[in-house]
Amino acid sequence: MDKLITKYAHTEVYHNGSAEYDEINGLTEEEWIELWKGLSRLGYYLSYNSEDDCFCIS
């Protein structure tokens with residue numbers, strides 16, 4: 001999971017259809033929580049924008 005946290009530890013928007021969106025979308029609930037917590041420790045916030053169907057890291 002550390003590699004995944006490092007991969008996503010920057011501000012970005014991943015829209016539906018991108019490889020990164022599919023990777024995040026395919027995480028189990030436990031993996032999602034671990035990624036969210038790992039990014040939070042580094043000062044980032046992971047969220048899903050349902051209006052635009054994308055994952056946002058800010």
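Hi everyone. A quick word on ground rules before we look around. The model is predicted, so local features need pLDDT of at least 70 and side-chain atom pairs count only at pLDDT 80 or more, while totals for chains, interfaces and linings use all residues. Residues are numbered from 1 along each chain as its sequence is written, and side-chain values use heavy atoms, with hydrogens and water left out.

Let's start with the overall layout. The protein chain has three helices and three strands. Here helices (H or I, at least four residues) and strands (E, at least two) are DSSP runs, numbered from the N terminus. Going along the sequence, the pattern reads α-β-α-α-β-β. The C-alpha atoms fill a box of roughly 25 × 20 × 15 Å along the principal axes.

How does the radius of gyration of the protein chain agree with that of a compact globule? With 58 residues, such a globule would be near 10 Å, and the protein chain has 10 Å, which agrees. That radius is taken over C-alpha atoms, and the globule rule is 2.2 Å times the number of residues to the power 0.38.

Now, what is inside? Of the 58 residues, 28% count as buried. Buried means under 20% relative accessible area, exposed means over 50%, and partly exposed is in between, using a 1.4 Å probe and protein chains only. The largest nonpolar core has twelve residues: Leu-4, Ile-5, Tyr-8, Tyr-14, Tyr-21, Ile-24, Leu-27, Leu-35, Leu-39, Leu-46, Phe-55 and Ile-57. By nonpolar core I mean a set of buried Ala, Val, Leu, Ile, Met, Phe, Trp, Tyr and Cys residues joined through side-chain atoms within 4.5 Å. At least two residues of this core come from each of helix H1 (2-7), helix H2 (19-25), helix H3 (29-41) and strand S3 (54-57).

Let me zoom in on H3. Which residues of H3 are buried? They are Leu-35, Gly-38 and Leu-39. Looking down the axis of H3, these buried residues fall within an arc of 95°, so they line one face of the helix. The arc is that of the directions from the helix axis to the C-beta atoms. On the other side of H3, Glu-29, Glu-30 and Arg-41 are exposed. The cover over the buried residues includes H1, strand S2 (46-49) and S3.

Contact, by the way, means heavy atoms within 4.5 Å. Setting aside residues up to four places away in sequence, Leu-39 touches Ile-5, Tyr-8, Ala-9, Tyr-44, Leu-46 and Ile-57. Just after H3, Gly-43 takes a positive phi of about 95°.

Next stop, Tyr-14, in strand S1 (residues 12-15). Tyr-14 is buried, with a relative accessible area of 7%. Leaving out neighbours within four places, Tyr-14 is in contact with Tyr-8, Glu-20, Tyr-21, Ile-24, Cys-54, Phe-55 and Ile-57.

That list brings us to Cys-54, which sits in strand S3. At 2% relative accessibility, Cys-54 counts as buried. Among its contacts beyond four places in sequence are Val-13, Tyr-14, His-15 and Tyr-21. Ser-18 is 36 residues away from Cys-54 along the chain, yet their C-alpha atoms are separated by 9.5 Å.

So what about disulfides? A disulfide is a covalent bond between the sulfur atoms of two cysteines. In this work, a disulfide is a pair of cysteine sulfur atoms within 2.5 Å. A search of the whole structure finds zero of them.

Most residues other than glycine have a negative phi. Asp-53, though, has a positive phi, near 50°. At 22% relative accessibility, Asp-53 counts as partly exposed.

Last, a look at Lys-7 in helix H1. Lys-7 is partly exposed, at 40% relative accessibility. Beyond four places in sequence, Lys-7 touches Glu-20 and Glu-23.
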